[in-house]
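Dear colleague,

I am passing on the structure below, followed by notes on what was found in it. Please read the notes with the coordinates open beside them.

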Amino acid sequence: MQKKFNHIDDLLADSYFIEWLCDPTEESDAYWSAQSEINPNLRTLIPFAKNTFNNITVEANEVSNTLVDTALNEMHRTGKVRIFNFKTAAFLKIAAVLLFFSLAAIYTLLPKNEFSTEYGKTMAVDLKDGSEVILNANSKLSLTNNKGKAIDRQVWVSGEAYFNVLSNPKSPFTVHTSRGDIIVLGTIFNVEDTPESFSIYLEEGRIKFVPKPEYQKQSIELDVKKRLIFSSSNERFELQDNNDPNITAWKEKKIVCQNMPLSELSKEIEAYYGVDVVLKQDALADRELDGILENKSLDELLLIVCEALDIKVISSKNSIEFSYY
Amino acid sequence: MNPEDDLGIWKRIQASDSKAFDTLFRQYFNYLYKYGLSLSSNEEETKDAIQDVFLGLWNNRKKLTIKSSVKYYLLQSFRRSVFNKNRSNSLVSLEEHHRDMWKTESVESSIMARESEDQLKFNIKQMAKVLTPRQREAIFLKFYDGMDSDEISQLMQIDKKAVYKLISTGITRYRKNLKKL
């Protein structure tokens, strides 16, 4: 068979030629020297193509050491990889016994058993008393160690969490936050306690909030569908009617947009995924979205936003930039 | 990445040595990350997939037998992990991103196209825009790693003839796209 080879691309496009370069055999050697006899062009083309092929390189950006460290730390931190050396494990056992005897008295008061979520993840935690907590992204829930004792119903939370507390009038359930304690008899509510904002939203039942004394002396009772926020401008707690449909949407991995400007949505994305969102043109901030966004993955979310607003997005590891086409 | 060293490290991992685990992780992260970007081109997923592989390695260290090559084991379980993730996520959205990035990078590519004809450099990011995942993978394994066709066909679970074909069409398509710019 006679093939036409006028350019090295013709050779490289021929998989039999590639086979010969990768794994030459007597048979293929013979074939290509015969081809060169028929087509003298090949005498110069073949060495040229061979040279091109042998000099092919694949470039990739070097991976930063920080990325490697972060990835490794994440594995240790998530606790999925329980790594101790045998020696360390023995040492830890001894240390734990010593610690137990010396600190037994205050041991039970210290927060224990931490659950924390990374950016982009939520987590459901079932408590021993039958209550349920759903942790939003980048949040932490701590429980006391109450082995062998009556169930201790107090937890510490930072970040955002949704509580469904089992009713038990004899034993109130307490949520400690950075700004005060929430005392619960059995109810459903949402707590947000981050450096930027603090709010409690009551969905069902009744709760009492006991602020830390430096903020306010008297406690505050919340009715259903009320929201207690801490206003950082005047350092006071304020009770409001809730009109934010988004308040507990996060636990269904949804963002409910009612004419939500892109600037607001950007904040939600930043908080949930831990990325920076940049709006390239100022006018983008006021573009509004209407509807329920399923928060399955960042990629999907961005795609939907872009389609809805007819804008484009460039995303890299830690930042996202929206811009007009 | 000397295979004998690897097996030594692996024996220590089997004996629950966490330092050895860290060493192996550091040794292969860079390589697997680049391999992952040539497969899926999503950085976050690639990192997750690497973590999954090492998690599996650690959790199964007592049961697992690695006879010949730790690297081969890692590559095999890594590509499985990447493909599983890709199946569950929408590939469409990833492709969308690349189209955007392609626009911003066209200046760089046109410079590359002007380079002398016998110098062909594949750039992992740009490969993702013009080649199919399997073409990318074959090219990565052949020209980045330097694997021979037997190893590639074994890892990718395809016939050797298919490997040649993927490399050939990969090169051709990549060169064509460089010229267009």
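**Contact between the chains**

The contact takes 39 residues from chain A and 48 residues from chain B, where two residues are in contact if their C-beta atoms, placed from the backbone, lie within 7 Å. This is a predicted model, in which local features need pLDDT of at least 70 and side-chain atom pairs count only at pLDDT 80 or more, while totals for chains, interfaces and linings use all residues. Residues are numbered from 1 along each chain as its sequence is written, with chains lettered from A and ligands numbered from 1 in the order in which they are written.

On the side of chain A that touches chain B, helix 5 of chain A gives the most, with five residues (helices are DSSP runs of H or I with at least four residues, strands runs of E with at least two, both numbered from the N terminus). That side of chain A divides into 20 nonpolar, eight polar and eleven charged residues, with Ala, Val, Leu, Ile, Met, Phe, Trp, Tyr, Cys and Pro counted as nonpolar, Asp, Glu, Lys and Arg as charged, and the others, Gly among them, as polar.

Strand 1 of chain A and strand 1 of chain B (residues 121–123) run parallel and are joined by three bridges, pairing being assigned if DSSP finds at least two bridges between two strands. Within this pairing, A:E59 has B:N123 as its bridge partner.

**Within chain B**

Helix 2 (residues 18–39) and helix 8 (residues 133–145) of chain B pack at an angle of about 150°, with their axes 8 Å apart (axes are lines fitted to C-alpha atoms over the stretch in contact, and angles run from 0 to 180 degrees between N-to-C directions). Helix 2 of chain B is therefore roughly antiparallel to helix 8 of chain B, a term for angles over 145 degrees.

Definitions and conventions: Parallel < 35°, antiparallel > 145°, perpendicular 65-115°, else oblique.
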